[in-house]
Amino acid sequence: MTQRFDVSGKVVIITGGGQGIGRAYAHAFADAGAITVIAEVNAALGEQVAAEITARGKQSMAVATDIADPAAVDSLVAKVVTRHARIDVLVNNASIFSTIKMRPFTAIPLDEWDRVLRVNITGTFLMSRAVTPSMQAKKWGRIINISSAAVTMGRPNYLHYTTSKAAVIGMTRSLAKELGAHGITVNAVLPGATDTEVARETVTAQQKAAMIAMRSIPREETPEDLVGAVMFLASDASAFISGQSITVDGGLTFL
Ligand SMILES: NC(=O)c1ccc[n+]([C@@H]2O[C@H](COP(=O)([O-])OP(=O)(O)OC[C@H]3O[C@@H](n4cnc5c(N)ncnc54)[C@H](O)[C@@H]3O)[C@@H](O)[C@H]2O)c1
C-alpha cells in the first residue's frame, strides 16, 4: 500500500528557497526523501541551501532563476527535466516580501508596484505554466501557491503585496479547475506573520505581539509551523483537495 503522506523520491521545485521559509521547506522536503530544486534569484543563497542539503547526503540542486523572467523560468524547467525526467511538485514560494518598506498606498512608487505584481503574480503564473507539461505527461502534479493571511486580515501599508497575495488565491482556484482533470492539484497556503532569520520592516514588535495575543494558539509562528500543510498538499493524502486556501496562522484569521 502506498504511503499516503510520503513525498520521498518526488522532484520538488521550491522557488525562493534560498532563505527564510522557503529554505525551511527545502530542508523539510529533503529530510522526507524528496529531490529538491532551489530556484532562487540570489544565486549565492540558493547554492548555499543546496550545499547544506547535499552535505547531509540528500539530493538537491540550485538553479539561479528570476521567476519574473520567462526565459529564466523555461531554462530552469528544462534543466530539471533533463536531470530528473520529471517535476512532481512546485512550491510557488518566491515573492518580494522581506525587502518591502511599509508605507501608505499613496506613497508606493509605480515601478515598485509593478515589480511586486510582476514577481508575486506573474512569476507564479510563469512557474505554474512552465511545469504543467511535465506534470500532465505523468498525470500527477502538485502546485502549492504561497499566499498570506495578510489578505484575510486586510493588513495596511503594503497594498501591492496584499493585492498580489489576493490574486494568488484567485489564480489557485481557476488553475485548479483547469488542471484537475490532468491529475494536478493546485492549492494555496496562507502563512501568518512568521519569524525567520531575515530582519524585515513588514511587522513591528508591537504588531507581532498584538497578533500573537489574538491567535487561537497564542505563540510565535516559525517556518516549521508551515511545513506540515505544504507537505500534506504535496502528498497523495491530499489527492481530492484542490483550489483550496489553508490558513496557517495559529487560528488568528478565518477565510
Ligand atoms: N514571513 C512571513 O511572515 C510571511 C507571512 C505570510 C506570507 N509569507 C510568504 O511566504 C513566502 C516566504 O516568506 P519569507 O519570509 O521567507 O520571505 P523572504 O523575503 O525572506 O524570502 C523570499 C525569497 O524569495 C527570493 N526571491 C525574491 N524575488 C525572486 C524572484 N524574482 N525569483 C526568484 N526568487 C526570488 C528572495 O531572494 C528570497 O530568498 C513569501 O511568498 C511570503 O510572501 C511570509
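This report covers helix geometry, helix packing and aromatic contacts in a predicted model.

**Helix α4**

Helix α4 runs over residues 110-138 and has 29 residues. From first C-alpha to last, α4 reaches 41 Å. Where does α4 kink? The kink lies at threonine 132, shortly before proline 133. Its angle is about 40°. Just after α4 comes lysine 139, which takes a positive phi of about 55°.

**Helix packing**

Two helix pairs are described here. α4 packs with α6, which spans residues 159-179. Helix α1 (residues 20-31) packs with helix α8 (residues 224-234).

| Helix pair | Packing angle | Distance between axes |
|---|---|---|
| α4 and α6 | about 20° | 9 Å |
| α1 and α8 | about 55° | 10 Å |

How are α4 and α6 oriented to each other? The angle between α4 and α6 is about 20°. That makes α4 roughly parallel to α6, because angles under 35 degrees count as such. The crossing of α4 and α6 is right-handed.

The α1 and α8 pair is set at about 55°. α1 and α8 are therefore oblique to each other. Their crossing, too, has a hand: α1 and α8 cross in a right-handed sense.

**Aromatic contacts**

How many aromatic pairs does the structure hold? There are 3 aromatic pairs. Phe97, Tyr158 and Tyr161 are linked into a cluster by ring pairs. A charged side chain also meets a ring. Lysine 10 lies over the face of tryptophan 140. The distance from lysine 10 to the ring centre is 4.0 Å.

Technical notes
Residues numbered from 1 in each chain as written. Predicted model: local features only at pLDDT ≥ 70, side-chain atom pairs only at ≥ 80, totals over all residues. Heavy atoms only, no water. Helix = DSSP H or I, 4+ residues; strand = E, 2+ residues; numbered from the N terminus. Expected span 1.5 Å × (residues − 1). Bend = angle between axes of the 7 residues up to and from the residue. Phe/Tyr/Trp six-rings, centres within 6.5 Å; stacked < 30°, edge-to-face > 60°. Lys NZ or Arg CZ within 6 Å of the ring centre and 35° of its normal. Axes fitted to C-alpha atoms, helices over the stretch in contact; angles between N-to-C directions. Parallel < 35°, antiparallel > 145°, perpendicular 65-115°, else oblique. Left-handed = near helix turned anticlockwise from the far one by under 90°.
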